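Good morning, and thank you for coming. Please look at the sequence and the structure as I bring them up, and then we shall go through one chain together.

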Amino acid sequence: MNRIAVVLVVVALLAMGGTDALAQREQVRIGISLPLTGPASASGKAAEAGYRLALDEINKAGGVLGRRLQILIEDDGNLPAKGVPIFTKFVTVDRVHAITGIFGSAIGVSIVGPAKLHEPLIAMLGAASPLVERGFEGYKYLFHYHPWAYHNMEAVFNFMEFVRTGTGASTIAMLYEDGPFGSAGIGDTRSELIRRGFDVPFMESFKTGSGDFTALLTRAKRHPVDVLFWIGFDADALPIAVQSREIGFKPRLIFGSPASWPVGYEGNPVARDVAGMAGWTSASPLPASKEFVKKYQAKFGGLTEEYMAPMGYTILTSLAAAMNKAGTTDKDRVAAELAKTDTDTPMGRLKFKPSRLSPSVYQGFDSDLWMVFQFREGRRVPVWPKHVAAGPLAWRWR
Amino acid sequence: MRWVGPAALCVALLVPLVPAGGYQQYVVQVATFVLINAAVALAWDIQARTGQLSLAPAAFFGLGAYAYTMAALRGVPLAVAFLLGPLVAGVVSLGLGIVTLRLQGLYFAIATLAFAEVVKVIFKELPLDLTGGAVGLTAPPLLGGHQTGLYYLGLGVFLVVVVASLAVRHSRLHYAFTAIRQGELTARVLGVRVVRTKLLAFVLSAALIGMVGAYATSRLFFVIPEDTFGIGLSVTALATAIFGGVYTTAGPVLGAVILRSLEEVLRLVLREGYLAVYGVILMLVILYLPGGLVSLWNRRSRDVAGGD
Amino acid sequence: MMDLFLQTLANALIQSGTYALASSGLALAVGVLHIVNFAHGEFLMVGAFVAYWLSVLAGIDPIVSLVPAGAVMFAASGVIYQASIRRVLLAPELNALLLTFGIGITLQNLAVLAFGATPRVVHTAYQLTAVTVGPVSVGVAPLITLVVSVTLLAGMYAVLYRTGVGKSIRAVAQNRTGAHLVGLDVDRIYLLTFGIASALAAIAGSMVLVRIGASPHMGFGFVLKAFAIIVMAGLGNLTGVLWASLVLATAEAFVRTYVPGGGGAAEAVFFLLIFFTLVWRSWRTA
């Protein structure tokens with residue numbers, strides 16, 4: 001009896017939500033699926049702020065197709081078991097005109113089924129794994145804004161070549177976390193670095209969050225390492241820098257690519273001249289970025305360093321612009337307009353190209369998105385590439 | 001109250017046909033994941049009835065998922081690949097069961113946990129073209145990815161677990177399981193073949209979880225060691241079963257339905273911090289209903305297929 | 001070669017300090033109260049955040065903060081014990097598991113609400129200092145962790161085996177009913193033990209803060225390993241925690257240092273070692 005009662009309650013609750021959706025059917029609606037709980041929620045919350053900022057701006061400027069734009073934000077917890085039903089709900093219940101968000105690759109892959117069934121317009125926020133790219137092969141309505149994992153690596157190669165040109169450094173030790181984030185294409189990365197004439201005498205995986213790097217760094221120390229390159233998460237940033245010092249391992253540059261950095265890291269002396277790869281920093285000299293920072297401060301009263309904030313902002317802004325240009329919410333026409341996007345964003349130029357492994361997918365940012373900054377005097381100073389650099393690359397300890 | 005089970009089954013059968021308006025497909029999706037959780041929790045419970053707290057469900061789930069995916073990607077017919085899930089999980093669990101036979105309580109729990117963690121690392125470290133390494137593999141969908149069809153397949157998978165649970169409950173095995181749980185020595189005195197019974201429970205449970213793993217993967221389209229072998233799956237299974245009421249068939253199922261509904265409702269109502277409230281509710285339920293949710297039920301009619 | 005060997009040994013010793021500290025409280029709780037405390041990692045997290053805010057707002061060093069962090073968690077765990085834990089002690093043991101799981105989820109998500117999910121790090125004067133002895137170089141911060149954990153374990157051992165309270169605790173751990181029969185206030189002793197165990201978690205948290213940082217989700221990885229360590233040590237065996245930590249940390253360090261690809265395999269070796277120890281022990285004693 002209880003079970004039946006429960007089912008009835010659930011159905012009733014869902015139906016109540018349904019009348020809501022009915023009342024607003026004439027608006028243009030965009031569904032946003034984000035990790036607002038769990039370890040990925042820092043990125044999810046940043047993206048949410050970006051989306052909300054864009055929403056305000058769009059509606060102040062007259063909305064979409066003369067109507068107020070409405071966004072529906074759902075917490076997927078970065079879990080497929082939540083993300084898949086949310087995706088389906090957006091399509092079948094809320095009847096949204098486009099779906100965006102989707103941060104983790106696991107959800108990115110697991111929505112392939114429902115996506116192919118309903119073929120909604122998707123403007124994907126994250127999900128950089130090649131599994132997602134291959135999963136969406138042949139799909140015509142996916143706009144993948146974030147660079148793929150191999151783009152990230154291309155940026156690393158380019159930066160390394162810049163470092164070599166400036167300093168002669170050519171020996172790289174690599175540490176990567178053993179999950180899908182750090183391990184995607186890691187073998188190819190090494191062979192590509194070697195093909196480009198770098199020496200990679202040391203490469204090891206680690207478990208993120210464990211905080212114990214001394215053994216691995218002790219081994220790396222035995223090689224004449226110029227650059228220590230690590231791929232991991234925010235929790236690994238402090239232990240890597242600190243423990244290198246502790247055991248007397250002195251690479252000339254510590255260079256990492258976590259999606260975000262710990263709070264308070266920039267003010268820690270150990271962070272001095274540590275280099276980080278980022279999709280964006282608030283110190284970016286790009287005019288669109290400066291404008292974004294100003295608007296962000298006006299709305300939220302503080303700064304952000306999370307690149308997911310301008311990413312969310314960029315996605316919603318470009319989506320609304322495409323709908324307005326198309327003059328309709330018809331997904332084919334909106335997709336056609338979105339595909340023509342060629343605009344300045346806080347993160348640089350956005351222009352869609354056929355994706356490398358799955359050409360039907362529209363790929364937005366590529367390796368050019370990435371920039372490298374160094375922590376200096378408690379701030380992030382962009383040092384690469386040249387058009388965003390605010391200072392020279394600093395070398396330490398030799 | 002004998003009609004409750006069949007009635008619930010009718011509801012489950014009708015889920016995709018309920019005229020829930022636009023909500024229909026959403027309900028089907030949520031229901032599918034509830035079925036998966038319920039099936040894993042119930043399969044875990046079957047083994048828990050022998051008094052052994054296993055933290056290896058994630059390993060068997062993952063083995064089932066990988067067996068299906070790796071076979072399917074190598075051209076094995078999907079139906080066969082699907083059956084490989086329970087088979088591989090069952091065979092591996094037999095080995096693990098024999099080795100850990102003498103371990104009790106927390107020692108058994110940690111040994112199974114350690115096993116699950118080791119299996120996860122092995123799948124991460126195996127050659128890329130074999131398991132896809134840490135990045136994982138995309139899995140082909142069963143039934144061409146037909147949503148309603150997959151729901152019914154999920155229901156079928158779930159029913160297999162329910163039938164197994166009921167079969168155990170209504171056979172002499174029930175007494176053997178219960179006796180072992182209350183003390184192996186006593187059980188032996190009572191003439192229970194302890195070793196054989198414990199192994200049977202362990203392998204049965206693992207094979208069922210492996211089957212769910214194969215099914216879930218065909219539904220999620222991927223295997224990634226970090227997720228597919230994630231310890232969270234084991235913890236969820238036992239939390240669900242305890243919440244609903246252990247050593248019963250209804251308990252873990254009820255637990256899965258209520259926990260998911262609870263989470264969805266809290267999320268819709270509170271938006272911020274709903275998981276904190278969810279945690280408080282878990283605490284309150286176990287404090288005031290020490291037998292889990294089913295004890296509400298059994299309080300009213302003590303003769304129903306309750307625990308022991 | 002000798003240099004590398006010695007450095008690896010030092011690394012192992014250092015890491016075992018963190019392991020022992022994170023596990024000792026759990027060993028006490030499991031050994032005396034016979035409950036599996038899934039919230040132990042979240043207690044550690046609470047300690048880390050207390051030390052974090054004391055450092056940021058009042059400039060107090062986390063080494064000093066381990067006292068207030070331990071005190072806060074000692075008091076909080078008293079409330080938690082009175083309101084919940086004591087009520088499941090006589091229930092089936094699985095109930096404590098779900099209860100503490102609920103406590104853990106609640107604490108974790110309250111922390112997310114209050115502080116966000118991004119880790120937070122502090123700066124201490126000795127964070128960048130290392131002691132060099134011959135070819136071996138060791139950080140001061142982890143050295144302090146090691147000293148703290150050895151001191152605390154020694155202190156706990158002294159309390160348990162040299163004082164009246166310790167005797168009572170051991171009596172309750174061995175036989176609840178018997179202890180009750182000879183007139184011990186079992187409930188009070190449980191309250192005290194749970195408080196000490198939780199305070200130890202918080203102290204571990206303030207040490208982890210110096211090494212890694214504080215974040216709502218930091219606890220789980222530690223508690224998973226802590227469970228493995230106390231089980232390998234043998235439930236209720238406090239000194240065993242020290243050697244189990246040392247053995248496991250040594251195995252990890254040597255695999256990481258000497259095995260190519262050992263970075264990923266170390267995790268497996270850690271659990272494989274525990275698996276074989278448990279299995280081997282169970283068959284040997286049979």
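Predicted model: local features only at pLDDT ≥ 70, side-chain atom pairs only at ≥ 80, totals over all residues.

In what order do the elements of chain C run from the N terminus on? They run α-α-α-α-β-β-α-α-α-α-α-α-α. That gives 11 helices and 2 strands in chain C; helices (H or I, at least four residues) and strands (E, at least two) are DSSP runs, numbered from the N terminus.

Residues are numbered from 1 along each chain as its sequence is written, while chains are lettered from A and ligands numbered from 1 in the order in which they are written.

The model has an ipTM of 0.90 and a pTM of 0.91. For chain C the mean pLDDT (the predictor's confidence in each residue, from 0 to 100) is 90, and 100% of the residues score at least 70. Within chain C, helix α2 (residues 40-58) has the highest confidence, at 96, and helix α7 (residues 176-181) the lowest, at a mean of 85.

Now to overall form. The C-alpha trace of chain C spans about 60 × 55 × 35 Å along its principal axes.

Let us turn to a pair of helices. Two packed helices are described by the angle between their axes and the distance between the axes. In chain C, the axes of helix α5 (residues 140-162) and helix α10 (residues 238-258) come within 9 Å and cross at roughly 160°; axes are lines fitted to C-alpha atoms, for helices over the stretch in contact, and angles run from 0 to 180 degrees between N-to-C directions. The contact (C-beta atoms, placed from the backbone, within 7 Å) involves C:Leu153, C:Met156, C:Tyr157 and C:Leu160 from α5(C), and C:Leu238, C:Thr239 and C:Leu242 from α10(C). By class, these residues are 6 nonpolar, 1 polar and no charged. Here Ala, Val, Leu, Ile, Met, Phe, Trp, Tyr, Cys and Pro count as nonpolar, Asp, Glu, Lys and Arg as charged, and the others, Gly among them, as polar.

Notes: Contact = placed C-beta atoms within 7 Å.
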